[in-house]
Amino acid sequence: MKYISTRGQAPALNFEEVLLTGLAPDGGLYVPEQLPQFSVDEIAGWAALSYTDLAFKIVQPFVGGCIPDADLKAIIDDTYVDFRHPAIAPLVQLDKNEWVLELFQGPTLAFKDFALQMLGRLLDYVLERKQQKVVIMGATSGDTGSAAIQGCKRCSNIDIFILHPHQRVSDVQRKQMTTVTESNIHNIAVEGNFDDCQSMVKASFNDKSFLPADRQLVAVNSINWARIMAQIVYYFYAALALGGPHRKVAFSVPTGNFGDIYAGYLASKMGLPIDQLVVATNKNDILHRCISNNDFSKQPLAHTLSPSMDIVISSNFERMLFDCYGRDGAAIKDLMERFQTEDVQITDAAFANVRDLFDSHAVDDEQTVKTIAEVYAASGYLLDPHSAIGVEAARAARRNSDVPMVTMATAHPAKFPEAVMKAGYPHEPALPLHMADLFDLPERCTVLPNDLAKVHEFVVDNITA
C-alpha cells in the first residue's frame, strides 16, 4: 500500500516510510492511496475474534508487506498486554440503546494508549531492524504525551521530547508525564497554550535543519498515520458487539484534533455500516461550527474543564476535507493556506459531503458538569468531562433512537477530579491501583518560553540515544 499527501505535491511512501515521517514535505498529511474494503459477510465472520485478532485483520492491509505477518501479529499481541480489562475496550450500557465504549483501560487511562502503545512497538521494531536513531517531538494537551512516553520509553533508538502548555494540563496528566525519568525522556512545559506547542512541532517538521545530520524527526501526534490506523479497530469491535454489520451503529466522539472520529469515518469507508458520527466539542468549537454552519474560522482559545479538547486548529480535519474535495490536493493546499490568515468556508459540494455522515454539538462547562451529575444519578456510572461531552452531544444530535449509540469514553474520571467534584461527586475519584503512588513520585520537567529557537536548542543539547 502507498500513502499520498493531502496537498498533492509530495512523493508517495510505503508504510515503513510513512511511519517515520510526520508532515509530508508539502505540508500535507499522509493518507492511504486506497482503503482496504471489507464485505458485510467478511466483517460478520469476525464476530467471535478477540480484540488483538480483529486488530490484525484490520491493520495488516495497511502495512502492505513492510512487516512480515508473524512479526506484525506479535507486535499487536504485545501492544495490549498492559491493558487492565480482558475485553481491552469494554462496552457499558447507560440506557436503552445507549452505551459507552471504555477506551481508558490502558496504562495511562486514556484512549490514546490504543494507538501509541502500538506505535511505540512498531517504531521499536523498524528502528532496531534499520539500526537507526530518531528524535520524537510531540505536542500534547494532556493525554498524548503520557501515552507516547509509555509507548516509546523502552526504545533505545529514540529520544523523546514532549511539549505541553505550562500549568494548563491536569495534575494527573502532568505527573503521568513528568514522573517517567528515563534519560531519553524529556518533558517541556511551554509558556503558552496547546496550539503554540503544536505550531512548534509542525514548524520543526517543516524545517529539520536544527537537528544533527544523523537524526530523523518522527511524529507521535495524530498526524502520524499509524495512530489513525490503530484507532479504526475499536469501531469494528464495538459494532460487532452490538449486532453489526447486520445492524447499523452510531458513534459520538469527544474530539479536538479530529483524529479519533476520523478513524470512525475510515471504518465506514472500509465497509462498516455506521449510521451517524457525532462530533462532540467543548467551547473550542471550530469543528461544530464547520459541520453545522460551514464556519471554518479560527476563534480565540478558551480554557475549559475538558482540557484535552482545548484546541483551535484540528489537524486531522484536513484528511477528511481531502476526501470531501474529491482528493484534490491543490484545492486543499489553497484552503489550508488561506485558513492561516483569513476566515474561510468550504465549498457547497464539500460541505454536503461532510454533512452526509456527520453531526455535531458543542457543550459548555456548565452542561458538562450537569451531564456528569445526571448520568451518575441515573446509572451510578462516573464520566470524565470529555466523555460527558460525548454523551450530551449524542443525546442532542441523535438521528435515530432505534440505532445503538456508542459514546467513546476517552479518559478515566480520576484524570479530571475538578470537573467530577464540581458535579457533586463527594471526593476525588481514585486512581487505579497500579497508579496509586503517582503523586509520591519525583518529577522531571523543563519550563521554556514560547520560543521555537529555545526549544530547538534544548532538544539538540539533550539528544542521548
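Helix H15 (residues 365-379) and H16 pack at an angle of about 85 degrees, with 9 Å between their axes. Helices (H or I, at least four residues) and strands (E, at least two) are DSSP runs, numbered from the N terminus. Axes are lines fitted to C-alpha atoms, for helices over the stretch in contact, and angles run from 0 to 180 degrees between N-to-C directions. The angle makes H15 roughly perpendicular to H16; angles from 65 to 115 degrees are given that name, those under 35 count as roughly parallel, those over 145 as roughly antiparallel, and the rest as oblique.

The model is predicted, so that local features need pLDDT of at least 70 and side-chain atom pairs count only at pLDDT 80 or more, whereas totals for chains, interfaces and linings use all residues. Residues are numbered from 1 along each chain as its sequence is written, and side-chain values use heavy atoms, with hydrogens and water left out.

On the H15 side, Gln367, Thr368, Thr371, Ile372 and Val375 meet Pro385, Ala388, Ile389, Val391, Glu392 and Arg395 of H16, contact being heavy atoms within 4.5 Å. By class, this contact of H15 with H16 has 6 nonpolar, 3 polar and 2 charged residues. Here Ala, Val, Leu, Ile, Met, Phe, Trp, Tyr, Cys and Pro count as nonpolar, Asp, Glu, Lys and Arg as charged, and the others, Gly among them, as polar.

**The sheet and its helices**

An open sheet is formed by 6 strands in the order E3-E4-E12-E9-E10-E11, with mixed pairing. Strand E3 (91-95) and strand E11 (358-362) stand at the edges with a single partner strand each, so one side of each has no neighbour in the sheet. On average, neighbouring strands of this sheet are turned by 25 degrees against each other, direction ignored. Two strands pair if DSSP finds at least two bridges between them. Strand E4 (residues 98-102) and strand E12 (residues 405-409) pair in the parallel sense over 5 bridges, and methionine 408 in E12 is the bridge partner of leucine 101.

Helix H16 (residues 385-397) lies across E3, E4, strand E9 (249-254), E10, E11 and E12, and runs at about 130 degrees to E10. Helix H11 (residues 286-293) lies across strand E10 (274-281) and E11, at about 130 degrees to E11.

How is H11 placed relative to the rest of the structure? Of its 8 residues, 6 are buried, so H11 is largely enclosed by the rest of the structure. Buried means under 20% relative accessible area, exposed over 50%, and partly exposed in between (1.4 Å probe, protein chains only). The buried residues of H11 are Ile286, Leu287, His288, Arg289, Cys290 and Ile291. Their cover includes E10, helix H12 (317-324), helix H13 (329-339), helix H14 (348-357) and E11.

Methionine 405 is found in strand E12. Leaving aside neighbours within four places in sequence, methionine 405 is in contact with Asn97, Glu98, Trp99, Ala250, Phe251, Ser252, Gln276, Val278, Ala394 and Arg398. Methionine 405 and leucine 277 are 128 residues apart in sequence, and their C-alpha atoms are 9.5 Å apart in space.

**Cysteines**

The structure holds 0 disulfides, a disulfide being a pair of cysteine sulfur atoms within 2.5 Å. The closest cysteine sulfur to that of cysteine 290 is in cysteine 324, 9.1 Å away and too far for a bond. Cysteine 445 is likewise in no disulfide, and the nearest cysteine sulfur, that of cysteine 197, is 11 Å away.

**Backbone positions**

A cis peptide bond with omega of about 5 degrees joins glycine 244 and proline 245. Proline 245 is found in the loop between helix H9 (225-241) and E9. Isoleucine 88 is not a glycine, yet has a positive phi of about 70 degrees; the residue is placed in the loop between helix H4 (69-79) and E3. Asparagine 294, also not a glycine, has a positive phi near 55 degrees and is found in the loop between H11 and H12.

The table gives the accessibility of residues discussed above.

| Residue | Relative accessible area | Class |
|---|---|---|
| Cysteine 290 | 0% | buried |
| Methionine 405 | 1% | buried |
| Asparagine 294 | 7% | buried |
| Isoleucine 88 | 9% | buried |
| Cysteine 445 | 36% | partly exposed |
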